[in-house]
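Let us walk through this structure step by step, beginning with a single residue and widening the view from there.

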Amino acid sequence: MSTNLKLFLFVMALTAVSFSQPVLEIAPAPLKFGYISVDGFQKRDVTLYNTGDQTLMLDSCNYQAPFHVDPVEGISIGSGDSVEISIAFIPADEIAYSESFIFYYNGDEPYTLNATANGIRAFQPGEMIWSF
């Protein structure tokens, strides 16, 4: 076998190893909850896709209240497959919220899903609503 052929085969093998990995994509992104009454509840389903060529293993997801994510630890997604999880928003205050959900998995970099939401005051029965 010639030296050039050996070098070519070595480079091809190295390339195959370096690009062989799971890749996480999430939709919809960004995630927008809109306006939710304080102490209300809104749930959004998101789909996690593995666009890589190896099995994806989820480790964890970091986020803050008043958001909540279905447990993701141990979820396995085959190459080209997807799974659906739910993310909930339960506002405690009348403010605008933003969150970056950090999904850790066996790929090169964690995946960040950004979300926005607003907590608003719930109207009471009989309360006048003025619009101009």
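In this predicted model, Asn-50 counts as buried, because its relative accessibility is 2% and the cut-off for that word is under 20%. Asn-50 has its place in strand β3, and its side chain reaches the backbone nitrogen of Gly-52 at 2.9 Å. A polar atom of the Asn-50 side chain also lies 3.4 Å from the backbone oxygen of Gly-78. If residues up to four places away in sequence are not counted, Asn-50 touches a number of others, among them Pro-22, Val-23, Thr-55 and Leu-56, as well as Ile-77, Gly-78 and Ser-79.

From this residue we can turn to the sheet. Strand β3 belongs to an open sheet of four strands, in the order β1-β3-β7-β5, with antiparallel pairing. Because β1 and β5 stand at the edges and each has a single partner strand, one side of each is left without a neighbour in the sheet. From one strand to the next, the twist averages 30 degrees. Between β3 and β7 the antiparallel pairing runs over eight bridges, and Thr-47 stands opposite Glu-84 in β7.

In soluble globular proteins, nonpolar side chains tend to be buried together. Here the largest nonpolar core has 25 residues, and those with the most contacts inside it are Leu-24, Leu-48, Leu-58, Phe-101 and Phe-103. Several strands each supply at least two residues of this core, including β1, β3, β5 and β7. Leu-58 touches Leu-24, Leu-48 and Phe-103, among others, when residues up to four places away in sequence are not counted.

Note on methods: Residues numbered from 1 in each chain as written. Predicted model: local features only at pLDDT ≥ 70, side-chain atom pairs only at ≥ 80, totals over all residues. Heavy atoms only, no water. Core = buried A, V, L, I, M, F, W, Y, C linked by side-chain atoms within 4.5 Å. Buried < 20%, exposed > 50% of the residue type's maximum accessible area, 1.4 Å probe, protein only. Contact = heavy atoms within 4.5 Å. Polar contact = N/O pair within 3.5 Å; in protein donor to acceptor, adjacent residues only side chain to side chain. Pairing = 2+ DSSP bridges. Axes fitted to C-alpha atoms, helices over the stretch in contact; angles between N-to-C directions.
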